[in-house]
Amino acid sequence: MFVLELTYTAPLDQVDAVLAAHVAWLDEQYAQGVFLASGRKNPRDGGVILAVAQDRARIEAIAATDPFVTAGVCAYRVTEFAATKTAPELDRYRESPS
């Protein structure tokens, strides 16, 4: 499982100019089962995405296609973690502790 932290690197008016494309991209990732949750940070200086994928390389490749990234208005920080305890709705993503 991965936590993707987005940090805006441009003023909000530039972020907002590509927001619709970013939301469409999010919808695609949800449809493919990659993203589990997402939203803006408060204060609004970026966002957070909870995601699942086979490996970090796949998540980094997906993040590189975000319109925020291709427009140069955001940077990603990717944190991988083992979800050893989850809410019942996320049982299928739970990993055994090692």
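Hi everyone, thanks for coming. A word of caution before we start: what you see is a predicted model.

Let's begin with the overall fold. The chain has 4 helices and 4 strands, and if you walk along the sequence they come in the order β-α-α-β-β-α-α-β. Its radius of gyration is 14 Å, close to the 13 Å that the globule rule gives for 98 residues, so the chain is as compact as a globular protein of that length. Along the principal axes, the C-alpha atoms fill a box of roughly 45 × 25 × 20 Å.

What about contacts and surface? Taking the contacts with a separation of 6 or more, 65% are between residues 24 or more positions apart. Buried residues account for 33% of the 98. The chain exposes about 5800 Å², with carbon and sulfur atoms supplying 53% of that area.

You can find it in the loop between helix 3 (56–63) and helix 4 (67–70). Which side chain of opposite charge is nearest to aspartate 66, and how far away is it? That would be arginine 44, at 12 Å. Aspartate 66 is buried, yet it has no salt bridge; the cut-off for one is 4 Å. What aspartate 66 does have is a polar contact of 2.5 Å, side chain to side chain, with tyrosine 76. Setting aside residues up to four places away in sequence, aspartate 66 touches Leu6, His22, Trp25 and Tyr76.

Next, please look at the loop between strand 2 (35–40) and strand 3 (46–51), where proline 43 sits. As a reminder, most peptide bonds are trans.

My last stop is tyrosine 93, in the segment after strand 4 (74–80). Is tyrosine 93 buried or exposed? Its relative accessible area is 17%, and the limit for buried is under 20%, so tyrosine 93 counts as buried. Leaving out neighbours within four places in sequence, its contacts are Met1, Leu36, Val52 and Ala83. Glutamate 5, by comparison, is 88 residues from tyrosine 93 in sequence, and their C-alpha atoms are 20 Å apart.

Definitions and conventions:
Residues numbered from 1 in each chain as written. Predicted model: local features only at pLDDT ≥ 70, side-chain atom pairs only at ≥ 80, totals over all residues. Heavy atoms only, no water. Helix = DSSP H or I, 4+ residues; strand = E, 2+ residues; numbered from the N terminus. Buried < 20%, exposed > 50% of the residue type's maximum accessible area, 1.4 Å probe, protein only. Lys, Arg positive; Asp, Glu negative; His and termini not counted. Polar contact = N/O pair within 3.5 Å; in protein donor to acceptor, adjacent residues only side chain to side chain. Contact = heavy atoms within 4.5 Å. Rg over C-alpha atoms; globule rule 2.2 N^0.38 Å. Areas by Shrake-Rupley, 256 points an atom, 1.4 Å probe, with all protein chains shown as cover.
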